[in-house]
Amino acid sequence: MKPPSNDSAWPQSFRLGRRLFLTATGCAPVAHLLAADPPRPVTQASVPDDPAAPKEQVGTVPPSSPFDEPLTFARKDLTLRVKPFSLTQVRLLPGPFRSAQEANQALLRRQDADRLLHTFRINAGLPSSAKPLGGWEKPDSELRGHFAGHYLSGCALMYAATGDQDLKNKADYLVAELGKCQEHLGGGYLSAFPVSLFDRLKARQRVWAPFYTYHKILAGMLDAHQFCGNQAALRIAQGMADWVDQWTAALTPERMQMVLDEEFGGMNEVLYNLAAITSSPRYASVGDRFTKKRFFNPLALRRDQLRGIHTNTHIPQVIGAARRYELTSDIRFHDVADAFWRQVVDTRTYVSGGTSNNEGWLTEPNHLAQELSLRRETNECCCAYNMMKLARALYAWSGDPRIIDYYERNLYNHRLGTIDLTNGHTQYFLTLGAGSWRTFSAEEGSFWCCSGTGVEEFSKLADSIYFHDENGVYVNLFIPSELDWKERGVRIRQTTGFPAEPRTSFEIITESPQQFALKLRIPSWVSGRASVSINGKASEVSADAGSYLVVHRSWRRGDRIELSIPMDLHVEAMPDDPSLQAFLYGPVVLASRLDTAKLPDSLVVGLQAPDLKKQPPPEISPLRAEQADVRRWSRPSKNALDFEIPAAGGRTFVPFHSIGPGERYSIYWKVV
Ligand SMILES: [Zn+2]
């Protein structure tokens, strides 16, 4: 969540992190303020003050501006190459992802719906005796109500993924009660804060992202409709969107573009989704008003002008562009999504799969070592959430398994470790600086943006394991799970100890033989020849890394398939500093613990990032080249992914996701 600014100049409005705004507006106090940090010396020439570096375009447009013409919405659906299964068709089986799902499920069950509704009821003039929540949901926080939207989505997704009836009931209750609030507010507008925040937005006065929160509630309503079958939720969403239509129609296009300087979440996407559900192009036209030309124009021309902008303000806009492309086949929107994807994934993504630093991109492309040296708040979790959502859309267009390589990298190294399995609390930043540690939200005093995307993420972990086309099933992720392909009368049960073991197996469950192709992803990281056996018999079929191994046959009940995907240690160096290296086993990033004792909760709970002023990083000796030579590393146990380095004082490397709260670690190592 970026802070607001009175200054309409683009770069200035992206410089601060969310926490500075909170402090400035008297919201939840924060334990540390990075504004107080002295700027670090810039030793490399290129960023951020390199006079030769390309400058952002402020108040100007590129020579050719594909989005300057008025947009017209004409429905022409894109044919998807591969289609997702409904979340209701995939169940997670016991394993680390199921554990993460259950931790989140328990968190959702603990939340008191009346406390989530408190500020909505007060705003609507309805009585509420519930104890107010804290953090970003405090009654004086301008972002209040955002978590209720995420919560609604989280409950709806969790109901789809598990059939949890209690959470469906809670979602239905929230919808009904929010509907009463909407009625009291006139039948359209629905929020936990007054409409005056939008007046301030219109007047370009300081305000904290009212459309961002409005988007969360709208999206929550659509999820409650889609996954819980709640019809009232759709009516409420339409009323909310009607209000947006009215509000935005009153602005000149120029004024609307100024409004879009303030973070507005995925307003375009949710309005396109509403247009698709209701077959009403009017909502799509309202969505088009949220086209930020200054951002989309350079992307459509495939120019990287991301330096200096706030990361998570912009990823949801690109998800909206992807949705617009799916509904209209308008190539401009394809180009926006595709160019953005390549710029972020190829040149601005850390080894963990995450992106962003201090919520923005501070450098030119391929300057990740420089980026890492500037601030410690790398990898905002919302960014990982939204990039994975974008990846899923792009994958459906192309069926390109390399997109799943990216998705998998994020899933194992960013998402899996960012939830505390004991309580479901989640992280804000996943800091990669040496000597950092994981920090987690508090039960009642956080409600950060990333807490919101967290309750959604860990409700839908099953949504990208399997896809399908007319010919068969694509198996993308090696996660214990069961797919119910009910359209074909087939169930596929996957069991695996991956990534501790380099294999996975499948059992076919069907009443009668079924002819279809099983397309098994062979990841880019595979080391050696991937192979498959069917009912214990080795098959000749193979496939290259970065493709699918296809087994097409008539499948019978009880058929068993074993896929072997050899894994090995490998190294990834920073593009701008080859001596700064990270180590991986297959897709799993490895980290080394720096202490034997954990840090106290006071340094872990409720902090958005590790407070290095209170616990400065220890001296970390660089690795000598022979120590960093992964061919010399040993793996003492076949059941665990622990690696020992010879002649390094007993130093071991373990999966980054297994490093728990309060354990200091190092990911990137200087190799000399
Ligand atoms: Zn966030």
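Start at Leu 518, which stands opposite Val 551 in strand E11. This is a predicted model, where local features need pLDDT of at least 70, side-chain atom pairs count only at pLDDT 80 or more, and totals for chains, interfaces and linings use all residues. Residues are numbered from 1 along each chain as its sequence is written, and side-chain values use heavy atoms, with hydrogens and water left out.

Nine bridges join E8 (residues 514–522) to E11, and the two run antiparallel. Strands here are DSSP runs of E with at least two residues, helices runs of H or I with at least four, numbered from the N terminus; two strands pair if DSSP finds at least two bridges between them. Both strands belong to an open sheet of five with mixed pairing, in the order E1-E3-E4-E8-E11. Its edges are E1 (83–84) and E11 (547–555), each pairing on one side only.

Now turn to the zinc ion. Its donors (N, O and S atoms within 2.8 Å of the metal, or 3.2 Å for Na, K and Ca; water is not among the atoms, so sites may look incomplete) come from Glu 380 (OE), Cys 382 (SG), Cys 449 (SG) and Cys 450 (SG), at 2.2 to 2.3 Å. Along the sequence, these residues follow the spacing E-x1-C-x66-C-C. Glu 380 is buried, at 0% relative accessible area, and Cys 382 is likewise buried at 0%; buried means under 20%, exposed over 50% and partly exposed in between, using a 1.4 Å probe and protein chains only.
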